[in-house]
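Subject: Structure handover

Hello,

Please find the sequence and the structure below. My notes on what was found follow after them.

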Amino acid sequence: MKLKLIFLLNAILFTVSSCHKEIVSESGGIDLISNVYFDASKGLDQMESFHLSKINYSQNHLIELVPETSFPDINKQAYYIKDSLYFQIGQSENNIIFSEISQKQKPLSVWDKKVGAIYSKDWIHNYRNRRNLSDTVLFNKKFKRFEINSPWNYTRFYIYPTDTILPYSFYRHAEKDYRGRLERIDSYNKKTDIFVTLQLLPRKSWDDQAKELFEFNNFVTSRKNN
């Protein structure tokens, strides 16, 4: 009887762990959007929207396009990212070879990058003091939520339950705890009366410049293999 019970428990644990096996997204894009509301306690009329980053990925290769603040359709920076390293790409360069770019440039660490998508190993401040909230629905998607309240800031986090992970995340440690993807952060600064929303918006398609770069490298790779 004891052996049967142990076997049953092991089977249950295996089933639970199998259900939460993470799936890596092979290709697609991610947009990082931020809306900033000034004098938020008086209303949400004074608002500025910023397209912070356009990330495109194909397996472990990333192309990040950083739009101009005033003209989002124009990119002021472009980066090639692999693992924890990044390289600058010229605005007119659509024929770079990923495997050769490190020979032309000195690799830089993504942890030091200050423009576009910010990479950080830090945990959410006061994460241990968080409080779970009830689930909610935004834009036809159901989210798990938790909040962190301090004398200076109030922040609410929205996590979309999914087994599919992306090559970029705001706070990976929270995603592991809640078994999902952190897609939205709302933060209110009580001193400055500024309310900020930060959104991660996944998409299936690539931007035009990234599409040309990926297709060119796929072409070069296929020719080498033939």
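Of the 226 residues in the chain, 37% are buried, where buried means under 20% relative accessible area, exposed over 50%, and partly exposed in between (1.4 Å probe, protein chains only). The model is a predicted one: local features need pLDDT of at least 70, side-chain atom pairs count only at pLDDT 80 or more, and totals for chains, interfaces and linings use all residues. Residues are numbered from 1 along each chain as its sequence is written, and side-chain values use heavy atoms, with hydrogens and water left out.

The chain has 4 helices and 13 strands; these are DSSP runs numbered from the N terminus, helices being H or I with at least four residues and strands E with at least two. Among contacts in the chain with a separation of 6 or more, 51% are between residues 24 or more positions apart, contact meaning heavy atoms within 4.5 Å.

Cores

The largest nonpolar core holds 26 residues, and Ile-30, Phe-146 and Tyr-168 have the most contacts inside it. A nonpolar core here is a set of buried Ala, Val, Leu, Ile, Met, Phe, Trp, Tyr and Cys residues joined through side-chain atoms within 4.5 Å. At least two residues of this core come from each of β2 (27-37), β3 (47-58), β4 (61-67), β5 (75-82), β9 (141-149), β10 (153-161), α3 (172-178) and β12 (180-189). Another core, of 12 residues, lies apart from it and includes Leu-65, Ile-89, Ile-101 and Ala-210.

Not counting residues up to four places away in sequence, Phe-146 touches Ile-124, Tyr-127, Arg-130, Arg-131, Asn-132, Leu-133, Thr-155, Arg-156, Phe-157, Ile-159, Ala-174 and Tyr-178.

Strand β4

β4 is largely enclosed by the rest of the structure, because 7 of its 7 residues are buried. In a regular strand the side chains alternate between the two faces of the sheet. In β4 both faces are covered: His-61, Ile-63, Leu-65 and Pro-67 are buried on one side, and Leu-62, Glu-64 and Val-66 are buried on the other.

β4 runs antiparallel to β3, to which it is joined by 5 bridges; two strands count as paired if DSSP finds at least two bridges between them. Ser-58 has His-61 in β4 as its bridge partner. The two strands β3 and β4 form a hairpin with 2 residues between them, and Gln-59 in the turn has a positive phi of about 55°. β4 also pairs with β5 in the antiparallel sense, over 7 bridges, with Val-66 opposite Gln-77 in β5.

Pockets

The largest pocket contains about 460 Å³ of space. For the search, a 1 Å grid was laid over the protein atoms alone, and a pocket is an open set of points where a 1.4 Å probe fits, with protein on both sides within 12 Å along at least five of seven lines; lining residues have an atom within 4 Å of a point. Grid points are joined across faces, edges and corners, and the volume is the space filled by probe spheres set on the points.

Its lining has 21 residues, with Trp-111, Tyr-119, Pro-167, Ser-169 and Arg-172 nearest the centre. By class there are 12 nonpolar, 5 polar and 4 charged residues in that lining, counting Ala, Val, Leu, Ile, Met, Phe, Trp, Tyr, Cys and Pro as nonpolar, Asp, Glu, Lys and Arg as charged, and the others, Gly among them, as polar.

The second largest pocket has about 320 Å³ of space. It is lined by 17 residues, and His-61, Phe-98, Ser-99, Asn-217 and Thr-221 are the closest to its centre. β5, α2 (98-104) and α4 (208-225) each supply at least two lining residues, and α4 gives the largest share, 6 residues. This second lining divides into 7 nonpolar, 8 polar and 2 charged residues.

Loop residues

Phe-170 sits in the loop between β11 (164-165) and α3 and counts as buried because its relative accessibility is 10%. Beyond its neighbours within four places in sequence, Phe-170 is in contact with Leu-32, Leu-182, Glu-183, Ile-185, Leu-198, Gln-199 and Leu-200. Phe-170 and Gln-199 are 29 residues apart along the chain, and their C-alpha atoms are separated by 9.7 Å.

Phe-139 has a positive phi near 50° and is exposed at 65% relative accessibility. Asn-140 has a positive phi near 65° and is exposed, with a relative accessible area of 80%.

Regards
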